[in-house]
Amino acid sequence: MQGQTKSVSFDGREIKLTTGRFAPQAGGSVMIECGDTSVLVTATKSTGREGVDFLPLMCDYEERLYAAGRIPGSFMRREGRPPERATLISRLIDRPMRPLFPGWMRDDIQIVATCLSLDERVPADVLAVTGASMATLMAGIPFQGPMAAVRVGLLGDDFVLNPSYREIERGDLDLVVAGTPDGVVMVEAGANQLSEQDVIEAIDFGYEAITELINAQKEVLKESGIKQEMPKAPETDDTISTYLEKNCTKSISEVLKNFEQTKEERDNKIEEIKISVSSKIDGLKDDNAVKKSLSLNNKLLDNSYKALTKQLMRDQIIKDGKRVDGRELNEVRAIDADAAVLPNRVHGSALFQRGLTQVLSTATLGTPSDAQEMDDLNPNTDKTYIHHYNFPPYSVGETRPMRTPGRREVGHGALAERALIPVLPAKDTFPYVLRVVSEVLSSNGSTSMASVCGSTLALMDAGVPLKAPVGGAAMGLIKEGKEVRILTDIQGIEDFLGDMDFKVAGTEKGITAIQMDMKITGLPIETIGEAINQALPARTHILGKMLEAIETPKENLSPHAPRLLSFRIDPELIGTVIGPGGRTIKGITERTNTKIDIEDGGIVTIASHDGAAAEEAQRIIEGLTRKVHEGEIFPGSITRIIPIGAFVEILPGKEGMIHISQLSEARVEKVEDVVKVGDQVTVRVREIDNRGRINLSLRGVPQHGGSNNYPEPTPTPVAPLN
């Protein structure tokens, strides 16, 4: 079955969309290809379940290691739990897709993207996002697309569309932008302290390129004979909504305009109003339309009440310019920051609080062998900076079972991780593997950005020489018709009522990470630029408060942190240090009680809690790898004697041999007549043979300051020749 293929010339590359050939029983499917990267994306809808009052959308990105010609490394030799990067790509698909489904959708929808072949020049994630839109449209699922995504890199002064993995690694920007004909719907980026203007231009550059992919999807639909029509929303019973609006608007508004109360007091009063109106409804006559309507759906009152509260909050911001806690639109909540809040057995710690959001971050210093091995399709096989984010139920005053981290925890940790990577010290100057854990102790909005701030402080407390401190804030947006209000440092209730969650992290110099999610179908570049620029003074203010807690990284590490020495050797001499079967390096570690790691590039890292022991191990390795030249003079120690000569350790771990003929100017009958094991001698390198063996000599070399203390042996008479 051939199917239908549409090709798009895209920045010098061809992207192919093939429909009607693969997965015929899925609701809709597309094979999206670029180079040798192939991703199969399917979208399937099933009938909604009883009592579901949200959109049950599932987006799954599946990796198959055969796509890169590899066999899984697990005991079972098959793919198991999705790796972290696959989880992040699943979120990358979900975030731009979710706001494009109509608000009344309650059917189960599952989008599955499977990477079947991977070309290292073409990352699969943005192809999967675009493929999700095409598959959904082919399935005829109500969807306000098409939507497409591209990646933008920055090499030098030039933006690059859909850069390769290597170009991403070399560049100063890794930005993914997704959009619809209505505007940008999602942004995800890591940047090397770029200015606000550079990031805005990159988003604009990416959005312009998206237009080609959107048009290609429209053409495929047209050629397939699929008409994109949005069904009418199911008729709803507005009886309850009308009743609540009439009886609760005034009382709810009074609560929202009381700026002196705490969050708990406000929440309690709003809940009391709902309980009161519920009691009134229960007291109505059985044939009353309100009570009859409520009996049809026991969640109707709760949902209608939330919707009314949300609308009143939005109206207050649009009309009065006041938020529920009385702050101005561009005002940051009160900040409290402190470093070294835990004993120094924890290598670094900090507590960061903004409003009711409180995060405890800890930093742990490890050795290179602690790096996380990544068994996935990404060419980068290990991580030396790891950020974990935990969100326990008590942080929002709830109880629920404690499970393994979910997608949200993984995503928030990855965002905070990305924000810190550009300011970490180079591996050759600070070779530690770093792990930061952010424990959310209290949550009221923007916990991911609080994690960025707390992690910066914890790393500085641990003595990590960051290039600059990183802070972050979450921006929100309310859009009613042409009226737009941008909110700085949103709290939980504003995230619930708003149309955008835009997180911006960076230093005083520039942006290091951004993440934007929409609840509407698109936003113009001008509004996005306004939000980015409004985040700058907030970030500057937050950084100032952070520096009051700890101004510079500590000079001394925790006494419980490992001490590392790092230096570089010739990669060709790595085998010399390791030795046959690893005997040489094992001997060094046992002799010095240290831990030694050697990278393929020749970087040697020695870990020990004893600085002197680490220095001794370094001297041994440097001795093993130091190149010796003919004519050089070395002090050394006799290590062993054989009938034809003596071995001398001229450098730690490196020996040469003095042939018996080179022990003295006179004839020597027996080696022990001149030297014995343990003697300290000064030798000259006579030659290095073609097998790399070092031949030494004592002849003509002054011993102990110029005089040879070894007695000249009596020459043995030579029998005359007959």
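What follows is a short chat about contacts, cavities and backbone.

Q: What kind of model is this, and how are residues numbered?
A: It is a predicted model, where local features need pLDDT of at least 70, side-chain atom pairs count only at pLDDT 80 or more, and totals for chains, interfaces and linings use all residues. Residues are numbered from 1 along each chain as its sequence is written, and side-chain values use heavy atoms, with hydrogens and water left out.

Q: Salt bridges, then. How many are there?
A: The count comes to 43 salt bridges. The rule asks for a side-chain nitrogen of Lys or Arg within 4 Å of a carboxyl oxygen of Asp or Glu.

Q: What does Arg327 pair with?
A: Arg327 forms a salt bridge with Glu494, at 3.7 Å from N to O. Arg327 lies in the loop between helix H8 (300-320) and strand E11 (335-339), and Glu494 in helix H11 (residues 492-497), so the pair ties together parts that are 167 residues apart in sequence. Helices (H or I, at least four residues) and strands (E, at least two) are DSSP runs, numbered from the N terminus.

Q: Are Arg327 and Glu494 buried or exposed?
A: Both are buried. Buried means under 20% relative accessible area, exposed means over 50%, and partly exposed is in between (1.4 Å probe, protein chains only).

Q: And Arg333, which residue does it bridge to?
A: Arg333 bridges to Asp489, with the closest N and O atoms 3.0 Å apart. This pair also links distant parts of the chain: Arg333 is in the loop between H8 and E11, Asp489 is in the loop between strand E19 (483-488) and H11, and they are 156 residues apart. Arg333 and Asp489 are buried.

Q: What about Arg64?
A: Arg64 forms a salt bridge with Glu62, and the closest N and O atoms are 3.3 Å apart. Arg64 is partly exposed, with a relative accessible area of 24%. Glu62 is partly exposed, with a relative accessible area of 24%.

Q: Which residues are linked in a network of salt bridges?
A: Arg95, Asp125, Arg151, Asp174, Glu188, Arg418 and Asp517.

Q: What volume does the largest cavity have?
A: About 40 Å³. A volume is the space filled by probe spheres set on the grid points, which are joined across faces, edges and corners. The whole structure has two cavities of 30 Å³ or more.

Q: What classes of residue are in that lining?
A: Five nonpolar, one polar and one charged. Ala, Val, Leu, Ile, Met, Phe, Trp, Tyr, Cys and Pro count as nonpolar, Asp, Glu, Lys and Arg as charged, and the others, Gly among them, as polar.

Q: New topic. How many aromatic pairs?
A: Four. One of them is Tyr389 with Phe391: the ring centres are 6.4 Å apart and the planes are at 15°, so the pair is stacked. Rings of Phe, Tyr and Trp (its six-membered ring) pair if their centres lie within 6.5 Å; planes under 30 degrees apart count as stacked, over 60 as edge-to-face and the rest as tilted.

Q: Is that pair buried or exposed?
A: Tyr389 counts as buried at 3% relative accessibility. Phe391 counts as buried at 14%.

Q: Where do charges sit over rings?
A: Arg640 lies over the face of Phe647, at 3.8 Å from the ring centre. Lys310 lies over the face of Phe496, at 5.6 Å. The test is NZ of Lys or CZ of Arg within 6 Å of the ring centre and within 35 degrees of the ring normal.

Q: Now the backbone. Where is the cis bond?
A: The peptide bond from Gly145 to Pro146 is cis, with omega near 0°. Pro146 is in the loop between helix H2 (125-138) and strand E7 (148-155).

Q: What about phi at Ala23?
A: Phi of Ala23 is near 50°, a positive value in a residue other than glycine. Most residues other than glycine have a negative phi. Ala23 lies in the loop between strand E2 (13-19) and strand E3 (28-34).

Definitions and conventions: 1 Å grid on protein atoms, 1.4 Å probe; cavity = no way out; pocket = protein on both sides within 12 Å on 5 of 7 lines; lining within 4 Å.
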